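Here is a colleague's note for someone new to reading structures. Please keep the structure open beside it and work through the points in order.

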Number of protein chains: 2
Amino acid sequence: MTREELEEEKKALVEQLGVYIEKEDQLAPVAARIMATLILTCKQGTTFDQLVSDLEASKSTVSTHLNTLTSNGSIDYITRPGDRKRYFILTPNRLIQFIDEKLTKWETDKVIHKRLIDYKTNVNEVYKEEPENQCELTFHQNFLTFLEEATAVFAKLKNNLNEKNNQ
Amino acid sequence: MTREELEEEKKALVEQLGVYIEKEDQLAPVAARIMATLILTCKQGTTFDQLVSDLEASKSTVSTHLNTLTSNGSIDYITRPGDRKRYFILTPNRLIQFIDEKLTKWETDKVIHKRLIDYKTNVNEVYKEEPENQCELTFHQNFLTFLEEATAVFAKLKNNLNEKNNQ
DNA sequence: CGCTTAGTTCGATAATTTCCGAACTAATCA
DNA sequence: TGATTAGTTCGGAAATTATCGAACTAAGCG
């Protein structure tokens, strides 16, 4: 496989990955392609100009997306002495980050289901003489126990990873 | 707690839940509020007109959203003899559905990471004389094993649920 | 000091999504 | 048979989002 073929494949992968990330992380097309590019660029980071020319986007677009991606913790940059450029990279520990996102998401899910259970319990109380207006609670209760279990498992997987990293 | 207070609380909850569902499931505002309404309506389903008046949306908007939500399997409807109206409800087994979505999502994640490993292995082969261009593979490998484990656990949780349901 | 590099900021435009209204259909009722 | 109910369809308006270009800043070079 030649270097040109690799370049071709990289371009194709940036497109495919870009589409996926766009949907998955709800990012603007260019923002998603920046992420895809950083995932596929192994070396010491990608510069602003590199992104502008690779993605054929304007400087302003790349600038704003780089800033929002940086401030939400998705990417980071390194600098080199005697070099004014920034070299953008993905934030390290993306796997841990992924797990953490799931964990916090599930925490808010728990809060929501609890609130729904409260509401429906009130409904059942107020309408207790009208069987046709009674609410089912088991779905939310099952979801809650499911979330508890899923959370526990993911927390454990995260711990395993942390131990592996600290060795 | 009076019935009016419950109605007030329901409206507030539809709004809150609606915002959450809108972001989470990438739905249009009215589509998300339809879902929220169906989640909060315990009785025998909600009619088209009920949704039009509750959500203060046009018939056409409600109609198109109901159709897309039905065809993607999020909602369903029941009918009653001698009653031309449709009574919309959430599809049963939403928890199983939730798990299934995670499982298929993780399957495509696996495919993607494998493809990235292939690409980066090729890079390392072609650039093997240039250490500064070597790609890291451990991140993708860790992610893959993580996905395997997560998939296994969720499959098991799903089985438990199915057994409980079939009892 | 003037020029280049490495960006940032902001108002305008382009693209996309969401929603609406008007006109329509198909079934039921009186 | 004409009116009412229960929606559907489609063209376009309104709102939102994404991108762009032009003008700007701030640091470093010669």
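1. Start with a term. Two strands pair if DSSP finds at least two bridges between them. Helices and strands are themselves DSSP runs, numbered from the N terminus: a helix is H or I with at least four residues, and a strand is E with at least two. Chain A has an open sheet of 3 strands in the order 1-3-2, with antiparallel pairing. Strand 1 (46-47) and strand 2 (75-80) of chain A stand at the edges. Each has a single partner strand, so one side of each is left without a neighbour in the sheet.

2. Some ground rules. This is a predicted model, where local features need pLDDT of at least 70, side-chain atom pairs count only at pLDDT 80 or more, and totals for chains, interfaces and linings use all residues. Residues are numbered from 1 along each chain as its sequence is written, while chains are lettered from A and ligands numbered from 1 in the order in which they are written.

3. Now the pairings in that sheet. Strand 1 of chain A runs antiparallel to strand 3 (residues 83-90) of chain A, over 2 bridges. Look for Thr47(A) opposite Tyr87(A) in strand 3 of chain A. Helix 2 of chain A packs on the sheet and touches strand 1, strand 2 and strand 3 of chain A. Contact here means that two C-beta atoms, placed from the backbone, lie within 7 Å. The direction of helix 2 makes about 90 degrees with that of strand 3 of chain A. For such angles, axes are lines fitted to C-alpha atoms, for helices over the stretch in contact, and values run from 0 to 180 degrees between N-to-C directions.

4. The other pair forms a hairpin. Strand 2 and strand 3 of chain A run antiparallel and are joined by 5 bridges. Arg80(A) stands opposite Asp83(A) in strand 3 of chain A. The hairpin has 2 residues between the strands, and Gly82(A) takes a positive phi near 75 degrees.

5. How do the two protein chains relate? A rotation of 180 degrees, with 0.0 Å of shift along its axis, superposes chain A on chain B with an RMSD of 0.1 Å. The two copies are thus related as by a two-fold rotation axis.

6. Next, the interface. In it, 30 residues of chain A are in contact with 29 residues of chain B. On the chain A side, helix 1 (3-25), helix 5 (94-126) and helix 6 (138-166) each supply at least two residues. That side divides into 17 nonpolar, 5 polar and 8 charged residues. Here Ala, Val, Leu, Ile, Met, Phe, Trp, Tyr, Cys and Pro count as nonpolar, Asp, Glu, Lys and Arg as charged, and the others, Gly among them, as polar. The copies meet through the same surface, because 97% of the interface residues of chain A are also interface residues in chain B.

7. Turn to the DNA. Which residues come nearest to DNA strand C? Of the 21 around it, they are Ser60(A), Ser63(A), Ala28(B), Pro29(B) and Ser60(B). A residue is near a strand if its C-beta atom, placed from the backbone, lies within 6 Å of it. Helix 4 of chain A gives the most to this surface, with 6 residues. By class, the surface near DNA strand C has 7 nonpolar, 8 polar and 6 charged residues.

8. Then DNA strand D. Of the 21 residues around it, Ala28(A), Pro29(A), Ser60(A), Ser60(B) and Ser63(B) come nearest. Helix 4 of chain B gives the most here, with 6 residues. The surface near DNA strand D divides into 7 nonpolar, 8 polar and 6 charged residues.

9. Gln26(A) is not a glycine, yet its phi is positive, about 55 degrees. Gln26(A) sits in the loop between helix 1 and helix 2 (29-40) of chain A. Is Gln26(A) buried or exposed? Gln26(A) is exposed, with 11 other C-beta atoms within 10 Å. The cut-offs are 20 or more such atoms for buried, 12 or fewer for exposed, and partly exposed in between, with C-beta atoms placed from the backbone. In chain B, Gln26(B) has a positive phi near 50 degrees.

Notes. Copies are superposed by least squares on the C-alpha atoms of residues with pLDDT of at least 70 in both.
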